[in-house]
Amino acid sequence: MRTLTMLATLAITLTGPALAQQAELSPTPEPAEKRLQQQDVDTWLDGIVPYALKAGDIAGAVVSVVADGDVLTTRGYGVADVGTGKPVDPMRTLFRAGSVSKLMTWTAVMQLVERGALDLDTDVNSYLDFIIPPFEGQPITLRQIMTHTAGFEEQLKHVITFDPQAVVPFEDLVRDFIPARIFAPGTTPAYSNYATALAGYIVQRVSGEPFGEYVDENIFTPLDMESATFSQDLTEAQLSDLSHGYHTASGQPTQFELAAASPAGALTVTAPDMSRFMLAHLNEGRLGEAQILEPETARLMHERAFASIPALNGMTLGFYENSINGHRVISHGGDTQTFHSDVNLFIDEGVGVFVSINSTGENEAAYDLRALLFSEFADRYFPGEDAPLSTDIGEGNAHRLVGQWTASRRSDTSFISLAELLEPTVISVTEDGKLQGTNLPIIGADIHEWIEVEPFVWQSSNSHERIAAIVDETGAARFSLDTMAPTMVYDPVPWQRSVSWLLPALLASLGVLAIAAAQWPAAALIRRRYGAPLALPVGARVAYHGLRASALVIVVAFAGWIAMLTAMFNDLSLLSTRTDPLVMTLQALTVIGSFGLGASAAANAAYAIRDRRGVWSIIVAITFALASIGVIWTAFVYNLLKIGVSY
């Protein structure tokens, strides 16, 4: 199951074994400025991408590179339609850009800031016709929204659908599905599609134009981005140029993915149009005669605006830092369920790279391909010094990170939080003091050895990735990875949710209750067979039957929760009203089962002790009572007892 960390989707980078053995750093026999030439870049791309598509079961991809104020190259690979064999046309094929859309939204916000219509540090409620509730008295600002530090928990409902009739207008989404705020504003990066949609709504209200029309008029038209659109009702001509999306090239194409939070992820675009957008940002807002941002506004947008862990990459106003080899890079990734895109601007060198892939691929190979292209491009054309060797810091600090951690991009107040129990993030240490981690979204090779190169900073031995932590008087307070730090950090899991004890306790409890549920009809059949009635007083008999009936309900409910969450994260369109009846049924079963189980297990134990049924009977009754505590506690801390379909 794909967890919240991997959503969205979010996701910036993931690992897939199809390309897992990352190439060693490429030697650079001549200066980079002489080597960044079209023929060399084309040859390099042609040597990597076709092989990667075939190895990863990916249908097609497009790559564009801009440099020195012009398009250096635009290359298409593979097919846009597996069924017909229609090739990717690098100049015409439309790709779904996912969260790369956010860069258009942030640019629109900065245009209105530049015009004096918006202020980055004003309470956003000033621009809304509804209220975002304060967090401990603190409002949120556009600066916090643009740095993903507004403090919202993850909002997942309606993230993707295939049914045009089921799409929730983003204006309704931001008004009716306000997520809880779980962090103080301006303190914690937690990537938020909702917050971006909220920014788009503010653009719409302040400009007086529908969001898509504003972007068309103020960004796409000035930059001659003729094919780019936020509309999800494409014309026949656009549909004929649109690439299909695939989970794998050997599978069937998916339907057109519709994003409710459209300012956060609805962009459809060609590589040449993205080249023009990159060139404008690389040239401080200007492309030819068009000036979409004033130079000082563009510079403000590109500067670091927030970093929760200073040693790692931080956020600008909308872009996230993705610096590599000592070169400053500002970036944004984008993922639907089948399309995977990336924009990387080497801002000081005037170079930009856009890649979009139309298939997730076998073992999610698209994520590796995207990361590999960036890493190898940087190593080839903008190399830096070799990674520092481990410094002499005594015993090291790896042990300070040992334990379970939770990502800041998460849901704390709905049943979605159960994903944390099913796929926990756990840090451990090897015998020689190196870090190991499970469920970390890491680019490159499958196996990483993390070497401490300075206090609380660890370098991967076979990639550019780093881990760093900040500490307080109690130990490590939070950590992150270089590629994740701009939008997500990890905090220690409180004891009451720690899988180290809770998961074994839950499994043992469910096992005990499953046995009780299975034994219930079996014992009844045996008693009937031998004509032996259940020799218990009325109250004890009610507790006996109530315990087993409730056990059956709870086991069914937990199996249902796990199956539903697994299905939801494998098909994001299920995060919608389609599954509301199932969600409410599981909630009802959990509430009824928990209440019945708690009451009957306690009564059963009390009767066993009072009636002195014998040591074995008392032990069994107490075991049932403990099992009931285990499942009820789990249901409580993971919000399975809450009634509601907003998540």
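This is a predicted model: local features need pLDDT of at least 70, side-chain atom pairs count only at pLDDT 80 or more; totals for chains, interfaces and linings use all residues.
How close do the axes of helix α15 and helix α17 come, and at what angle do they cross?

Helix α15 covers residues 538–570 and helix α17 covers residues 615–637. Their axes come within 12 Å, and the crossing angle is roughly 35°. The crossing is left-handed. On the α15 side, the residues that meet α17 are Leu547, Arg548, Ile554 and Phe558. Their counterparts in α17 are Phe624, Val631, Thr634 and Ala635. Sorted by class, this contact has six nonpolar residues, one polar and one charged.

In general, two packed helices are described by the angle between their axes and the distance between those axes.

Helix α3, residues 101–114, packs against helix α7, residues 211–220. Here the angle is about 75° and the axes are 10 Å apart. Because of that angle, α3 counts as roughly perpendicular to α7; the range for that word is 65 to 115 degrees. From α3, the contact takes in Met104, Thr105, Thr107, Ala108, Gln111 and Leu112. From α7, it takes in Phe211, Tyr214, Val215, Asn218, Ile219 and Phe220. The classes in this contact are eight nonpolar and four polar, with no charged residues.

Now the sheet. Which order do its strands follow? Reading across, it goes β3-β2-β1-β11-β10-β9-β8. That is an open sheet of seven strands, with antiparallel pairing. At the edges sit β3, residues 86–87, and β8, residues 320–321, and each of these pairs on one side only.

Look inside the sheet at β1, residues 60–67, and β11, residues 351–357. These two pair in the antiparallel sense over seven bridges.

Helix α10, residues 271–282, packs on it and touches β1, β2, β10 and β11. The direction of α10 makes about 30° with that of β1. Helix α2, residues 38–56, lies across β1 and β2, and runs at about 20° to β2.

Next, the hairpins. Strand β15, residues 450–454, pairs with strand β16, residues 457–460, in the antiparallel sense over four bridges. Glu452 stands opposite Trp458 in β16. Two residues lie between the strands of this hairpin, and Phe456 in the turn has a positive phi of about 65°.

A hairpin of two residues joins β17 to β18. Ala469 faces Phe479 of β18 across the pairing. Strand β18 itself, residues 475–481, is mostly covered, with six of its seven residues buried.

Last, one residue. Is Ser243 buried or exposed? Its relative accessibility is 2%, so Ser243 counts as buried, the cut-off being under 20%. Ser243 is in the loop between α8 and α9. Apart from neighbours within four places in sequence, Ser243 is in contact with Ala80, Thr93, Leu94, Phe339 and Asn358.

That is the end of the tour.

Conventions:
Residues are numbered from 1 along each chain as its sequence is written. Side-chain values use heavy atoms; hydrogens and water are left out. Buried means under 20% relative accessible area, exposed over 50%, partly exposed in between (1.4 Å probe, protein chains only). Two strands pair if DSSP finds at least two bridges between them. Contact means heavy atoms within 4.5 Å. Axes are lines fitted to C-alpha atoms, for helices over the stretch in contact, and angles run from 0 to 180 degrees between N-to-C directions. Angles under 35 degrees count as roughly parallel, over 145 as roughly antiparallel, 65 to 115 as roughly perpendicular and the rest as oblique. Ala, Val, Leu, Ile, Met, Phe, Trp, Tyr, Cys and Pro count as nonpolar, Asp, Glu, Lys and Arg as charged, and the others, Gly among them, as polar. A crossing is left-handed if the near helix is turned anticlockwise from the far one by less than a right angle, and right-handed if clockwise.
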